[in-house]
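Welcome! Take a moment to look over the structure below, and then we can walk through it together.

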Amino acid sequence: MKVVNLAEQTQVKEEAGLIKGIRKLFPIAAEKPDSGANATAIKILDRILDNQYVLLTGLSLPGLEVPIPMVLLGPPGVWVIYATSIKGVFRANEDTWEAMDDRFHRYRLAKPNLLKRTKHMAEVVSELLAV
């Protein structure tokens, strides 16, 4: 598997004054890719997949505030992968992402909603490929 890190190749674009100011006031720390989880996922995929696959990391696309952590391209198709080191017991049902509350032993809505985030990233990639 070939790994292409696009984050190193892209240049940071200057944003308009108002948007730049808002981003400084509200940093999106939770949306930064989890580099430890990404590195682990890359090692596992590299052991499993042959040279017919290409893994793009740090792909920045219009319509997304943060880069897509991983996009896997191969003969069977294209996958968006969002690896994370978040631990716990989770339940997924369609777009609902819930985490087990250790104290009350009930599922509660989890933030961030990794299902919606990854689905949105996949939709942007799909729209780009449909053009």
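This is a predicted model: local features need pLDDT of at least 70, side-chain atom pairs count only at pLDDT 80 or more; totals for chains, interfaces and linings use all residues.

Let us begin with helix α2. On one side of this helix, turned away from its buried side, sit the exposed residues S35, K43 and R47. The buried residues of α2 are A37, N38, A41 and L45. Looking down the helix axis, these buried residues fall within an arc of 95 degrees, so they line one face of α2.

What lies over that buried face? The cover includes the strands β2 (54–59), β3 (68–74) and β4 (77–81). As for its length, α2 runs over residues 35–48, and its 14 residues reach 20 Å from the first C-alpha to the last, close to the 20 Å expected at 1.5 Å a residue.

Mean pLDDT for the chain is 83, with 80% of the residues at 70 or more. Where is confidence lowest, and where is it highest? Helix α1 (residues 17–25) has the lowest mean, 49, while β4 has the highest, 96.

Two stretches call for some care. Residues 11–15 have a pLDDT below 50, and beyond near neighbours in sequence this stretch makes 3 contacts in the model. Across residues 22–31 the pLDDT also stays under 50, and here the model has 9 contacts beyond four places in sequence.

## A three-stranded sheet

Further along, 3 strands form an open, antiparallel sheet in the order β5-β6-β7. The edge strands, β5 (90–93) and β7 (106–109), have a single partner strand each, so one side of each is left without a neighbour in the sheet. From one strand to the next, the twist averages 35 degrees.

Strand β6 (residues 96–101) pairs with β7 over 4 bridges. For M100, the bridge partner in β7 is Y107.

Notes. Residues are numbered from 1 along each chain as its sequence is written. Side-chain values use heavy atoms; hydrogens and water are left out. Helices (H or I, at least four residues) and strands (E, at least two) are DSSP runs, numbered from the N terminus. The expected span of a helix is 1.5 Å times one less than its number of residues. Buried means under 20% relative accessible area, exposed over 50%, partly exposed in between (1.4 Å probe, protein chains only). The arc is that of the directions from the helix axis to the C-beta atoms. Contact means heavy atoms within 4.5 Å. pLDDT is the predictor's confidence in each residue, from 0 to 100. Two strands pair if DSSP finds at least two bridges between them. Axes are lines fitted to C-alpha atoms, for helices over the stretch in contact, and angles run from 0 to 180 degrees between N-to-C directions.
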